[in-house]
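This report describes the fold of one chain and its interface with a second chain. The structure is shown first.

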Amino acid sequence: MTTIRRIYAYLLAFAGLAMVSTAAANLGQLLLDVVLQSPVATTERYVRDTASLWGATALVGLPVWLLHWLWIQRTARGDPSERSSTLRRLYLYALLGSASLVIGFSTREVLLRLGDALVGIAGLGITPDLTVRPLPFTLVAGVVWLTHWRVAAADRFQVGEEGGSATLRRWYVYGAALIGLMVLLNGARALVEVLWQIAVPAGASAGREIAPPVADTLVGLGIWLVHWVVLPRRLPEAAQRDDGVSVLRSVYLFVVLAVCVIGTLLGASQLLYYAMGRLLGVDRPGGIGGDLLQAAAGPASVLIVYGAAWAYQRDALRRQAVAFSEAPRQAGIRRLYTYVIVLVALGVLATGVAGLLWTLGDVLFAPGAAVGDFWRERVALYATLAIVGLPVWLLHWRPRPGSAAEAGALARRLYIYLSLIAAMLTVVGAVAGVVYRLLGLALGGTFAQDVATDLAHAVALASVAALVAIYHWRVLRADARVAASVRVAAASAAAASVVIVEISAQDADGLGRALAALRATGVEVRILQPNQAT
Amino acid sequence: MDRFTLGVVGGVLALVVAGLVAAAILRGHSPPPDLSTPSGVVLAYALAEQQRDGQAAWDLLASSVQARNNRDEFLVRFGNIGHDREYLTTEDERIDADGASVVLVRTNPPSGGLFGSSSSSYRTTVRLVREVDGWRITVPPDPYVLVSSKS
């Protein structure tokens, strides 16, 4: 089948199936309405209109889908290249993705209505007609999902899976797992917050708030478990091995890790800020007054849920590292994650330090700044940012690169240059601010409160940004020296057939792998001082 | 870790400790406004605004003003004033036969926080009158809190 003919056939099959399945779900819903004598189906006109609308849709959609799908299947039986074509896989995984979304949304609706009925919203009690209305959508989408997953599995069994077709499956599986996990985390966070508020003295009472997070948590958990745990285990061993070293798997793992790290830090910093503000005598740090235990519900729930997810994700990465050796592109993804976290942490740390300097400058030089609570609230905020940003930056940042590859890595260079650019632009802006205020004073202006605080602000920003710029300039030069020494070593190696090299790795396993890789190229490797190997 | 990085870490930690210690120590040592002067009374009123302490502000109003206004309505209106992120100072204190006037200077630090634009100050003249127990305010910095008449 030619590509344009394939596009036509799969597009029509997709449209036909979408019409049939939507019509079937709506007709099922109408049937439930009539059987359960739902208030929406009391008029004959409503039943007639709904039945004719969705009946017509099904009657038109069914032959369109059947004709094109049977044509496609007949071609696939006679031609293995059809079965392995990328367009066919795109069709299958697009259908699976759409069906998963419908299953997720409709199941959430069912759970939400069931939850509302169970906690007795508005005294309605359990109303079966209202609760089960979304169920036909879940069932129809479930049937569509199951049959098409079996078609994809049969294709994989018969003609294998390579290149684009495997990539499409990974996009679907890891994309759905990511969406499921995000829904799960958000639902679990909201659930912990509601439970926390119920548990603390004078907190909210259980009620409508509990149903949405429970529904989100269950739906997210289901989608994530199916796509991250169940489906990958049902793949053939070769596909599981390929997935282990795939770039998309690394992207999934590190995107989730980054979300968990950032969520945990946000929760921790908000908690720390409230606590520190109260300790410093600020009544309403961040505008949050009242009972600290109640105010802590939001940030504590973020900290608990995202912290647990962070621990799980770190373990998942550790298991991944044990099971599969890191492919070069996977190393690139790991570096990208590391330097994104380093960049965020540096931004938080620099903001905290500059803010502290500014606040202390205000207290020392701006009249009226030390009156009231405002400056203490700022100290609490900026100290929190510095306290949270510093350890994260230190844990992820390596001033001296572990290898020449690390020194020249795109992610590292991007981090260094972005830090340099941001720092230099900040220095320029802050110096302009200082000159503006000094010129105003020189031209006869008075040294008032606003002038003093603007000068403290600009000097603090300029100082910290200059320090950041100098630091990263030094790192850039050190990295350049590492790269130059590698070039010299390579040139020497080219000139002589025997050279002495020093290889360092994080652990003995890494060193062993590096030596094995060298020997695999055919060169002779001799260890001179085995006891000093690191 | 190289020496420069260690120095940066040490500097950051020292700054954080200095900021927290200064905030903790100065917490109990910032002198309250001197209520025997018009400037002190105005500053105390502005601080009450920051802390949303309507009763303290009501007590600083002149008795004639209190007589013309409803206390409960004043407390409600006062609670909606949002001046809690400003630096406060006073200038141009004048005492004459009719009473006193003080200019209250409120400065808003850059609105976008650390990366905001320049700060701005605005000045309000507050009128006071001397009563038996000291200076009291007849025209507060936000006079709209007094618009309702006593029912």
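## Contacts and model basis

Of the contacts in chain A between residues at least 6 apart in sequence, 82% join residues at least 24 apart; two residues are in contact if their C-beta atoms, placed from the backbone, lie within 7 Å.

The model is predicted: local features need pLDDT of at least 70, side-chain atom pairs count only at pLDDT 80 or more, and totals for chains, interfaces and linings use all residues. Residues are numbered from 1 along each chain as its sequence is written, while chains are lettered from A and ligands numbered from 1 in the order in which they are written.

## Architecture of chain A

Chain A has 18 helices and zero strands, where helices (H or I, at least four residues) and strands (E, at least two) are DSSP runs numbered from the N terminus. Its C-alpha trace spans about 85 × 75 × 50 Å along the principal axes.

Domain 1 covers 342–493 and domain 2 covers 500–534 of chain A, with bounds from an automatic or database domain assignment. The C-alpha centres of these two domains of chain A lie 40 Å apart.

## Interface with chain B

Chain B places 36 residues in contact with 41 residues of chain A. On the chain B side, α1(B) supplies the largest share, 14 residues.
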